[in-house]
Amino acid sequence: MLDFNLRNLLRTIIILTLFSLAYGSGEAQSLKAYQQRAEEAVAAKNYSAAMGYYKIIIEDAENDDIVNLYNAAQTARRFRVYGKAETYYGRVLEKENNNRYPLTNFWMGSVQKRQGKYDMAIASFEKYLANESALDGEYADEAKKHIQDCQWAKEQQANATELNIEHLNEYVNTTDTEIGAFQMGDELYYASFGERNPDPDAEPNVLARLWVADNDNDFQFANARLLEGFEIEDQHVANPTFSEDGKRLYFNVCKSVNATEVRCKIYYRDRSDDGQWGEAVALPDHINLSGYTASQPSVGKSETGRTLLFFSSD
């Protein structure tokens, strides 16, 4: 799935700052109004706004009752701000009436696992399983699987090979978000929200577009340019990948469903010998299921040499 959380984190920081200033002003809304807006934002899956409201309620207004703390933790987890979620879950567990939310240790383990805190995650899942309410709970089997996952991850860490990760140069990486890179020959294809527009009066870019940059074989990129003809009005285009012969480009077309979620389909375009791109063709309905997302296509081979298309779907 196309992931906008890296891009939205900066927006969240700005929102949190502005909301804090608003609460301290003479025109500050009542606490009840902020709580209502937080609930409305969560219902609309606008988690960045909801986090801003809960910050005002909990940190600025110092109303840290267990309901607000738990709702703030759930919001941060859904928005994948796992460190903040961990903090709020921890404050829930410090409350004497924390048994009101018996899943707290389960969710605490989940966000700790996401951050690579495997020992802490195992401890949280075990605390959840030790609670009598978890014995026949629907999350019990999932908690046991999480513990196994954490133990496996720890074993892999013990035998991990050290890797050197290098940040690609400014021709590819802008101050915004670049994702889904695929190298084909001497070219790097990827999606970007970056502006790269010298016109200060131009409308800001809010959609992912496909870009291509030249590689000199030493990962020094230059001549980054928009992949012309792949723009689709009001929709994101991302996750490019090629067939083995380089003649077919698969990619995602994604439409925003709400402030957080997108719905994606997989398309392809064929490239002729003279470099011209054919029309965009959506993959059939058994891949692009109605009402679901098909994302991150990748072409590979089976053991028998058969060409396979791998992709993720919800």
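Predicted model: local features only at pLDDT ≥ 70, side-chain atom pairs only at ≥ 80, totals over all residues.

Me: OK. Is Phe230 buried or exposed, then?

Reply: Phe230 has a relative accessible area of 3%, so it counts as buried.

Me: And how many aromatic pairs are there in the whole structure?

Reply: A search of the whole structure turns up 15 aromatic pairs. One of them is Phe230 with Phe251, an edge-to-face pair with 5.4 Å centre to centre and 75° between the planes.

Me: Where do those two sit in the chain?

Reply: Phe230 is in the loop between β4 (221-226) and β5, while Phe251 is in strand β6 (residues 248-256). They are 21 residues apart, and the pair links distant parts of the chain.

Me: What about Phe251, buried or exposed?

Reply: Phe251 is buried, because its relative accessible area is 1%.

Me: Why is the pair of Phe230 and Trp277 called edge-to-face?

Reply: Planes over 60 degrees apart count as edge-to-face. The planes of Phe230 and Trp277 are at 85°, with the ring centres 5.3 Å apart, so the pair gets that label. Trp277 lies in the loop between β7 (262-270) and β8 (281-282), so the contact ties together parts that are 47 residues apart in sequence.

Me: Which residues do the ring pairs link into a cluster?

Reply: Phe182, Tyr189, Phe230, Phe242, Phe251, Tyr267 and Trp277.

Me: Switching to charges: what sits over the ring of Phe230?

Reply: The charged end of Arg269, 4.2 Å from the ring centre. There's also Arg248, which lies over the face of Tyr268 at 3.8 Å from the ring centre.

Me: Now the sheet. What's the strand order?

Reply: It's an open sheet of 4 strands, ordered β5-β6-β7-β8, with antiparallel pairing.

Me: How many bridges join β5 to β6?

Reply: 5 bridges, and the two strands run antiparallel. As one example, Phe242 has Leu249 in β6 as its bridge partner.

Me: Last one: where is Ala238, and is Ala238 buried or exposed?

Reply: Ala238 lies in strand β5 (residues 236-242). Its relative accessibility is 0%, so Ala238 counts as buried.

Technical notes
Residues numbered from 1 in each chain as written. Heavy atoms only, no water. Buried < 20%, exposed > 50% of the residue type's maximum accessible area, 1.4 Å probe, protein only. Phe/Tyr/Trp six-rings, centres within 6.5 Å; stacked < 30°, edge-to-face > 60°. Lys NZ or Arg CZ within 6 Å of the ring centre and 35° of its normal. Pairing = 2+ DSSP bridges.
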